[in-house]
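Good morning, everyone, and thank you for making time for this. I would like to walk you through one structure, going from the overall picture to a few individual residues, so please have a look at it first.

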Amino acid sequence: MAKLRPTAAIKPLLAASVGLSIATAAIAQTAVAQNTPITPVFVEAGEIGQGFLLKRLDSCYLITPEHVVKDNFFANLTAANAARSKGEAVAIQNFGYDLSIMGVSGPAAEGCGASFNELTSTSADVLKQLQSASQLSVSTVSADGARTLTPVSISSVDLLRLYVQPIDAINTPLYQGMSGSTVYVGQTPVGMLQSVDADSGQGLVLRIDRLLETIGPFFNDGLVADLANNTGLNALQQSVTLSAWSHAPSAGSNSNLLTDGDTATHWSYQPQQGPNYNKLGNYQAHNPVRLTFSLGDNLQQLNSITLANHSKQRSSFIRDFEILANRSERSAQGWVPVYSGTWMLGQEQKEIDLSKANVAARQFMLVVHSHWQADAEQIVISEVKTSQSLLAE
């Protein structure tokens, strides 16, 4: 693993204004990546870094290096679009090759950009692009949304990575804070900068085809029902049941209370009673609460989920959460995210509309990443309701 260049090794921030004009001028002979299908962003999380946005269903996601996120659950974003939109992101899943996916909200999500399939199509011939390229550009976004293109040359290419050198290492070097920058041949993304060697100034770039293969299971999951091929939809009245949980229920809590239709009764769990809990509250990021619900033996089109907390206890509310779905009835594998969001404090019901997502599943999982009061003794869910239809298989 190449070591990251320490900030003290060069002076990128002092030279930023100069670097913009120099980098732009130096790359004037090549195609400038201004009309690419993806939206690059500035990322502030555990470290300062970069990333880009991709759409999935009706949601927007950030792709960024895992080391930029570190142990942070949240990140602030600035998109390099015409409006230089701001946004927030919440951690969802880490992958191999130092990659992390975060769910995006706020104005930045409204102009998310390309879908996974669009980017895959654009980047299909990456090796051919690299073989014919004499120069690449590293696209970096500043905190105010301005975009800088740094010209680089290819030192070598292997099955996973590119190794690049800045063409003008004195005036436009590669530096810490550029991790996650998208690398282009003309207007085509060919990789993501992941680290810079402090001694040689060489940049390590994960090839875009390897990147897309790695995150592909998240975006191409098979959970999106092809309604054109499933014309036989039949209404089904079936109650949802809580089948598994990661954290100990409070004394006297019975899972039937979640579906009994009585808002005066509640099911609750104890955040401190899960595995890997520590008193610093790190369970929020590293030990999420997982509640698994069964929809029965038949494959369902899951249209909506409603969570309720009628306890009047403000300390008992879930904060940030996501919904995963699984086509299998019992398998522990095959879980794919279909929704992420925040349950606002004091909001008695949280309605999750999945009607446009066309999610097919036999079970779903509520994954709770944080609570409004981190040291709460118990977290309450009064009712869980679903709207679903039977899918013809």
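What follows is a tour of the chain as a whole, then a sheet, a helix, a disulfide, the salt bridges and one histidine.

Before we start, please keep in mind that this is a predicted model, in which local features need pLDDT of at least 70 and side-chain atom pairs count only at pLDDT 80 or more, while totals for chains, interfaces and linings use all residues. Residues are numbered from 1 along each chain as its sequence is written, and side-chain values use heavy atoms, with hydrogens and water left out.

Let me begin with the protein chain, whose secondary structure comes to seven helices and 24 strands, where helices (H or I, at least four residues) and strands (E, at least two) are DSSP runs, numbered from the N terminus. Of the 393 residues in the protein chain, 51% are buried, and here buried means under 20% relative accessible area, exposed means over 50%, and partly exposed is what lies in between, with a 1.4 Å probe and protein chains only. If we take the contacts between residues at least 6 apart in sequence, 72% join residues at least 24 apart, a contact being heavy atoms within 4.5 Å.

Now to the sheet. In which order do the five strands of the open sheet come? The order is E14-E16-E22-E18-E19, and the pairing is antiparallel, where two strands pair if DSSP finds at least two bridges between them. At the edges are strand E14 (241-245) and strand E19 (336-342), each of which pairs on one side only. From one strand to the next, the twist averages 25 degrees, with axes taken as lines fitted to C-alpha atoms, for helices over the stretch in contact, and angles running from 0 to 180 degrees between N-to-C directions. Within this sheet, strand E16 (residues 289-294) and strand E22 (residues 363-368) run antiparallel and are joined by six bridges, and Phe293 stands opposite Phe364 in E22.

The next feature is a covalent link. How many disulfides does the count come to? The count comes to one disulfide, which is defined as a pair of cysteine sulfur atoms within 2.5 Å. Cys60 and Cys112 form this disulfide, with their sulfur atoms 2.1 Å apart, and with 85 degrees about the S-S bond the link is right-handed. The pair links distant parts of the chain, 52 residues apart, since Cys60 is in strand E3 (residues 59-65) and Cys112 is in the loop between helix H3 (107-110) and helix H4 (116-122). Both ends count as buried, Cys60 at 5% relative accessibility and Cys112 at 3%.

That brings me to the salt bridges, of which the structure holds seven, each being a side-chain nitrogen of Lys or Arg within 4 Å of a carboxyl oxygen of Asp or Glu. In one of them, Lys312 and Glu348 meet at 2.5 Å, N to O; because Lys312 lies in the loop between strand E17 (300-308) and strand E18 (320-326), and Glu348 in the loop between E19 and strand E20 (349-353), the pair ties together parts that are 36 residues apart in sequence. Lys312 counts as exposed at 65% relative accessibility, whereas Glu348 counts as partly exposed at 29%.

In another salt bridge, Arg319 meets Asp320, the closest N and O atoms being 3.5 Å apart. Is Asp320 buried or exposed? At 5% relative accessibility Asp320 counts as buried, while Arg319, at 29%, counts as partly exposed. Salt bridges that share partners also join Arg207, Asp209, Arg210 and Glu213 into one network.

I will finish with His371, which lies in the loop between E22 and strand E23 (379-381) and counts as buried at 4% relative accessibility. The side chains of His371 and Tyr269 are joined by a polar contact of 2.9 Å, a polar contact being a pair of N or O atoms within 3.5 Å, where within protein one must be able to donate a hydrogen and the other to accept it, and residues adjacent in sequence count only if both atoms are side-chain atoms.
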